Amino acid sequence: MQDWFFWAAVTALSVGVVAILLQAYRRGDASSDTDAALRVYRDQLAEVDRDLARAVISAPEAERVKTEVSRRLLDADRARQTPAAIGDGKLWPTAVALILAAIAALYTYDRIGAPGYGDLPLTDRLALADQAYRDRPSQTAAEAAAPAPAAAPKPDAEFAALMEKLRAAVTAHPDDQQGLALLAKNEAQLGNYIAARKAQEHLLTLMGDKATANDHAGLAQTMIFAAGGEVTPEAEKHLIRALELDPTNPLARYFSGLMFAEIGRPDRAFALWEPLLREGPADAPWITPIRGMLQQTADAAGIKYQLPAAKGPSAEDIANADGMSAADRQDMIKGMVGQLETRLRTEGGPVEEWAKLITSLGVIGEKTRAKTAYDKALTVFQSDDTALGAIEAAASTAGVTP
């Protein structure tokens, strides 16, 4: 089980509660009859005194009766103070029932509970998610607040000159669809996501109903990258349109799941991401981020799920991936790393994700951002020696000097 400390505390508390209830029941079972007997014997002693005062009985007779009643009273009091043996009477059925109830409660929580998350009624959680959905920033606001994107490799002089000519050509012929498509692709490759987004938006406006699901999903992706990983309402509209045209579109499904994860609906994010992970292919660009978030998403949704071991790509998967250029793949990777960085900075996450972020930033050459993430992770996990070890190892892999 995960969160062993939580389960150890819950188990200890459950055992303690059962023990207390058994002890209370045990004492009550031993004294239930003797309490009534004590009251009767005390009443008899008082009655003897009254009969003696009324001369109903003689003094010797009263003394004899009081001696006998007092003896019985002492016997009953001793019996009351001696607990009944566990093995006798009706205590065993009660003990078994209490133990089974505790085990059933632990099992039920293990199946439908979410250890590590605060207690919050479902209606309140749904209301908070709806509020977060409504409060999302616009594309313009999200772009203004987004951190600076990862710096792309500086293009050589010849490519830079070609880009200037391409920009000038598109400015001179703003409705040239081929020019817009080429401009959007190359601006994104350079990390200029806002410029790429503007070119793609205009291109889709010109295409109208001819725009495909991939066109809309691609624009949504660029908008999300430009917004620092935020799925804005404008990006969501294109995701919805992509899924209307092709309900199986993997890119639209992935980013739709990201939107639900961002607003606090891990159940709906899991429903979109888990099939994507199963369908593959193993080297699809969305598989790595899904693997990094799916287990935590399932835990947050109270879904019992075990992330399957990563599988290598098949020959068919490799063949299918040949159509993606190295630049496109690198662009996707940078965007995914940026999303992870934004989410951890704003929402936090487990040490595994922090270590993955530090390592990934080092791989793509973002040493400064890796150092920033490393320093932040040290603060977050300062009291967890095991987590600190994982963070130090990731920093070493990324080439970050502590």
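**Figure 1. The charged end of Arg-136 sits over the ring of Tyr-133, 4.2 Å from the ring centre.** A charge sits over a ring if NZ of Lys or CZ of Arg is within 6 Å of the ring centre and within 35 degrees of the ring normal. This is a predicted model, in which local features need pLDDT of at least 70 and side-chain atom pairs count only at pLDDT 80 or more, while totals for chains, interfaces and linings use all residues. Residues are numbered from 1 along each chain as its sequence is written, and side-chain values use heavy atoms, with hydrogens and water left out.

**Figure 2. The whole chain has 18 helices and 0 strands.** Helices (H or I, at least four residues) and strands (E, at least two) are DSSP runs, numbered from the N terminus. Of the 402 residues in the chain, 37% are buried; buried means under 20% relative accessible area, exposed over 50%, and partly exposed in between (1.4 Å probe, protein chains only). Among contacts (heavy atoms within 4.5 Å) between residues at least 6 apart in sequence, 64% join residues at least 24 apart.

**Figure 3. Phe-225 and Phe-255 belong to a cluster of linked ring pairs.** The search of the whole structure finds 5 aromatic pairs. The ring centres of Phe-225 and Phe-255 are 6.3 Å apart and the planes are at 75°, so this pair is edge-to-face. Rings of Phe, Tyr and Trp (its six-membered ring) pair if their centres lie within 6.5 Å; planes under 30 degrees apart count as stacked, over 60 as edge-to-face and the rest as tilted. Phe-225 is buried, with a relative accessible area of 9%, and Phe-255 is buried at 0%. The cluster also includes Tyr-193, Tyr-254 and Trp-273.

**Figure 4. The axes of helices α9 and α11 come within 9 Å and cross at roughly 35°.** Axes are lines fitted to C-alpha atoms, for helices over the stretch in contact, and angles run from 0 to 180 degrees between N-to-C directions. The crossing is left-handed: the near helix is turned anticlockwise from the far one by less than a right angle, whereas clockwise would be right-handed. From α9, the contact is made by Ala-217, Gly-218, Gln-221, Ile-224 and Phe-225; from α11, by Leu-251, Ala-252 and Phe-255. These residues divide into 6 nonpolar, 2 polar and no charged. Here Ala, Val, Leu, Ile, Met, Phe, Trp, Tyr, Cys and Pro count as nonpolar, Asp, Glu, Lys and Arg as charged, and the others, Gly among them, as polar.

**Figure 5. Arg-197 is a buried residue of helix α8 (residues 193–207).** Its relative accessibility is 10%. Not counting residues up to four places away in sequence, Arg-197 touches Gln-139, Glu-143, Leu-219, Thr-222 and Met-223.

**Figure 6. Ile-290 lies in helix α13 and is buried, at 0% relative accessibility.** Its C-alpha atom is separated by 7.0 Å from that of Leu-277, 13 residues apart along the chain. Leaving aside neighbours within four places in sequence, Ile-290 is in contact with Tyr-254, Trp-273, Leu-276 and Leu-277.
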